Amino acid sequence: VARKELTGRIYICRLRGMASPRLSPQTLLVLERFLEQPAEWRYGYELSRETGLKSGTLYPILMRLAKYELLETKWVATEEGVPPRHTYRLTTKGMELSRAQQKPERSVERARRVALSGGKA
Amino acid sequence: MTSGLLRRLAASLLEAAVSIAPKEALEWGQAMLGELRHVEGNWSALVWSLGGAGVLAKQALVALVFPSGDRPTIPSGGGFLSKEADMRKPALVVIASCVVASLLFFVLPVFRQAFQVSLAQWHEVFHIDLDFDRMDSAAAIAALAKKAEQNHDAEALAFAAERTPNQNEALRLADEAVRLDPSLTWVYATTGAWYAPNFGMERVALLQKSDPQNALPYLIKAQKIGVTVTYSKEFPLGKITENPGWTQAMEAAFLAPRLDEYRDRRMQLDHRVLARYQVHDPFQIPGDDDDFPAYGVWYASRYAESTVEAGQTLESRGDRKAASERYLAVAHFCDLAGPYRMLFFRRGCKPAFERLANISEMQGNKAEAAFYSALGDEFTKTAERDLARRRNSFGGNEVSRWNAFLVRLSGLALLFCAALLVVCALGVVVRSQSLKWSALQASQLTLGLASIAAVGALLASAVLFASYRPYSELMQQYLSRGDTTGLAEVSSFLSDVQLPLGSRLAGSQLRMSESYVGSTSAVFYFWLGVALLCGVALLAAVLRHVQTRQRTTAAA
């Protein structure tokens, strides 16, 4: 339903010559990374390396996702004497939106990758 | 060693950013700091830290502008996609408050006048060939002249004659004023009327008759003859001293008991007319103009030199008495003209005092010789001091120069901010393709620009008001009580305020030759600025278009 709504919204925007809803390519990239392993908690630096986004771009996206309850956060202790790390995971609401936002060709590509890697990718 | 330093620098930078971060961003600051330990590579750590510090600084700035109470909470449902609406309400409140406050300034008459004065600089830019001082008021003066003619008001006609740029029209108005009130004959001397080609000698005779002891009518007569002689083939330049009419007029001027330029009479007349006709145009307030005839100093200098030469000839022939009379006439006129003007014809004045001292000494009158010598020295010193003072305060004193600069700058800023607000409003309407309030959608960029413009307009209004108010009060003192003490200050301010911004380097103690860029250059720089701004606007529009296209593609 959400996807249908979004597609409809983008279509209306295009029809009226307006800009599409403001989900930046960088946000889409981050959401895509979360969707690859939706159940796992991810570190900020890890996401930065995977997406190629600098901290100045990545953290405002994470902050905004968390603000709108699309992302849940938690502090985890790693080693003794080392400060805990902040980790992130999509909420159910976040997952719904992310799935609705994924481009069809990206989904196809991901499915192809999964198929070719024997379900490991 | 360097690597450790870089990491420490990165950590310190991020820690500093965390310390200024607002409460709601604190956790994220700690998160970035925590991740810093795991960043591979020292330079990467520094880049990480710089990025994180930038984010936290931005958050701190937002918290400063919009305190936590004003910031919206998470909207219910679909808020993530309507990010643009986040700051809309507080930003609109800020914009509306600032615009209303700026508009409220216009309720004050002083502010309206200040705004009008701040626009005077544009006359130079757009009408460079027009009469610089009077162009903005020409229509108002013509209307006042018409009214004065209807009322048979001689003083108002004289007032209008003084300010009418057209010499023939000025002469007609002056004639009418004198016809109605013959005691106003002096008006012929203070208006530009006598520059008119058809200002005949009969009017000069009237001036002389009305004030026979004044040197000014004789100087005007000498100038009228001088202009004719200078431009005729029979009397090339330099032969003016051979013209008997000119020599006679100059001799009468040098022997006249006083030199009255009618400044006081003019001030009083202006005050009465301004009050009677409720004229509030600051550019009509009389300034400290010099009513000395334009060529007066040059002619006086020529005559003083030739008189001293004639005295020396008489002296060589042994006629000391006749020579002394010549020297005394020159010294007397130097005294009348005042030390400032004396400096311009010092080639005549200084030798006159020296020769008088010399003759007195030769006659054995040492006390008189010392007196003339001291008088000559005193005159020279006073003249030099006066000239130095005038050079230092060229174009007004430092305070009025700065105030004029602030008035011009704030007026310009006010116009710019208003234009930016209009552009933002048009942008929102075009983007939303609707005039309905509920349908209007402003991007964050538009809201940001509009907020800056609104705050800027308010600040500019406050600065404009504060900078202009003292001059308004000085003008009010003159209009209500005839107090002329602050008029020199006002005149200096008003002459500076008419210069286009940038044509003079405000606040600097420059020499006369260095302080002006020149009006032609100012016009050039103005249009260059306009062209550059248009270029920047075009570039911004293209970038915006490209950005929007990328987003549309990505979202599709």
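**Note on the predicted two-chain model**

1. In the largest nonpolar core, which has 107 residues, those that touch the most other members are Val117(B), Trp246(B), Met250(B), Phe254(B), Phe493(B) and Val497(B). A nonpolar core here is a set of buried Ala, Val, Leu, Ile, Met, Phe, Trp, Tyr and Cys residues joined through side-chain atoms within 4.5 Å. Buried means under 20% relative accessible area, with a 1.4 Å probe and protein chains only. Helix H21 (residues 444–481) of chain B gives this core its largest share, 13 residues. Helices (H or I, at least four residues) and strands (E, at least two) are DSSP runs numbered from the N terminus.

2. This is a predicted model, in which local features need pLDDT of at least 70 and side-chain atom pairs count only at pLDDT 80 or more, while totals for chains, interfaces and linings use all residues. Residues are numbered from 1 along each chain as its sequence is written, chains are lettered from A and ligands numbered from 1 in the order in which they are written, and side-chain values use heavy atoms, with hydrogens and water left out.

3. Leaving aside residues up to four places away in sequence, Val117(B) touches Pro282(B), Phe283(B), Val407(B), Tyr468(B), Phe493(B), Leu494(B) and Val497(B); contact means heavy atoms within 4.5 Å. Another core, of 39 residues, lies apart from the largest one, and its members include Leu53(A), Met63(A), Leu36(B) and Leu46(B).

4. Chain B has 23 helices and zero strands. Of its 556 residues, 44% count as buried. Among chain B contacts between residues at least 6 apart in sequence, 71% join residues at least 24 apart.

5. Chain A has an open sheet of three strands in the order E1-E3-E2, with antiparallel pairing. Two strands pair if DSSP finds at least two bridges between them. Strands E1 (42–43) and E2 (71–76) of chain A are the edge strands, each pairing on one side only. E1(A) pairs with strand E3 (residues 85–90) of chain A over two bridges, and Arg42(A) has Tyr88(A) in E3(A) as its bridge partner. Helix H2 (residues 25–36) of chain A packs on the sheet and touches E1, E2 and E3 of chain A.

6. Helix H4 (residues 55–67) of chain A has 13 residues. Its buried residues are Ser55(A), Leu58(A), Tyr59(A), Ile61(A), Leu62(A), Met63(A), Arg64(A) and Leu65(A). Met63(A) is also among the members of the 39-residue core. After H4(A) comes Glu69(A), with a positive phi near 60°.

Technical notes: The expected span of a helix is 1.5 Å times one less than its number of residues. Buried means under 20% relative accessible area, exposed over 50%, partly exposed in between (1.4 Å probe, protein chains only). Axes are lines fitted to C-alpha atoms, for helices over the stretch in contact, and angles run from 0 to 180 degrees between N-to-C directions.
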